[in-house]
Amino acid sequence: MVVFTQILTAYSCLYILIPRFLNKKKYIVFGVLLLGLLFGLFVIYNLFKFWYYDPKYYETYNELGKQYAKESLLERLAYPSVFLSKCIKFLTPTVLLLVGRIYKNQQQILQFKEQKKTAELLALKSQLNPHFLFNTLNNLYSLALEKSDKTPEVIERLSDILDYILYRCKDQYVPLQKEVELIENYLALEKVRYGKRVNISFKQAISDDTYIAPLILLTFVENAFKHGVKQALNQAQINIDLKAENEWIHFSVENTKPNTKLESKEEPLGLKNVRKQLELLYLESHSLTILDINERYLVTLELHNNKK
């Protein structure tokens, strides 16, 4: 009898009351119907006990049970404490099933979010890689037109960069040292292209056990050249500082402004992609600041140190 009332309670709540009333925020109606359901089951339980169990098994009851069995049906229904205890017994399987359903739904939501995040990151990387390659190939094209002796060196550097981008940065996080090598190769290419038109300073202090999301730092270095050197009439200056200490990675790029006023007010595609990657991978554990100060631009980025 108890199992029957528990099954009836569970099916009524999970498939009727909760979907039709509780989920639709009809709280009062849900509460009234649930209370009515429990009281109805309490009445059925007592009727069955009153007409069947008590007459048949009266002699097996203890003194308290015999005293309760002598009471009328209305008297039995008038005990709030008995009604409450039976409600708890009726609802126990429903609560357990509901908790299990909520846990399963939460796991499905977490899995969906993880899949969505992975898909978004892959889409962002597919935009970021061609963006970088386009700029680098332009550099190589210019040197090839000039028939420069530095062309083989540029091809070698570019080969290392392509090898890293295509095969060695597919993980969500990569060693920071690998990103440093990528930046150094990129700086070497830009030095060949611009020569004395730019003065570059790259300071670093990192450890081997530091990991970072790939291709994030390079975007800021690219923008420093694109918006600080390419249009400059005088010698440009780029200062890059990278260090990993305690639980954080500190990165800054400072470049002088060009003398011309041809800068677009729209944020570059690379920066938009990096912002999105930071939101997906680092959530609240990052800080990005881009400042336009007098004759220079300053980008500072702080990331949580992903040690392995």
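This is a predicted model: local features need pLDDT of at least 70, side-chain atom pairs count only at pLDDT 80 or more; totals for chains, interfaces and linings use all residues.
User: Why is L176 called buried?

Analyst: L176, which has its place in helix α7, has a relative accessibility of 0%, and because buried means under 20% relative accessible area, L176 counts as buried.

User: What is L176 in contact with, leaving aside its neighbours within four places in sequence?

Analyst: Its contacts include I206, T210, Y211 and I212, and also L242, A244 and I249.

User: How do you know whether E190 is buried or exposed?

Analyst: E190, found in helix α7, has a relative accessible area of 2%; since the cut-off for buried is under 20%, E190 is buried. Not counting residues up to four places away in sequence, E190 touches N139, G195 and F225.

User: What makes β5 and β7 a pair of strands?

Analyst: Two strands pair if at least two bridges are found between them, and β5 (residues 248–256) and β7 (residues 296–304) have nine bridges, so they pair, in the antiparallel sense. Among the residues concerned, H250 has E302 in β7 as its bridge partner.

User: How do you know that β6 and β7 pair, and what lies between them?

Analyst: Strand β6 (residues 286–293) is joined to β7 over eight bridges, again set against a cut-off of at least two, and therefore the strands pair, in the antiparallel sense. H286 stands opposite L303 in β7. The two strands form a hairpin with two residues between them, and N294 in the turn has a positive phi of about 45°.

Definitions and conventions
Residues are numbered from 1 along each chain as its sequence is written. Side-chain values use heavy atoms; hydrogens and water are left out. Helices (H or I, at least four residues) and strands (E, at least two) are DSSP runs, numbered from the N terminus. Buried means under 20% relative accessible area, exposed over 50%, partly exposed in between (1.4 Å probe, protein chains only). Contact means heavy atoms within 4.5 Å.
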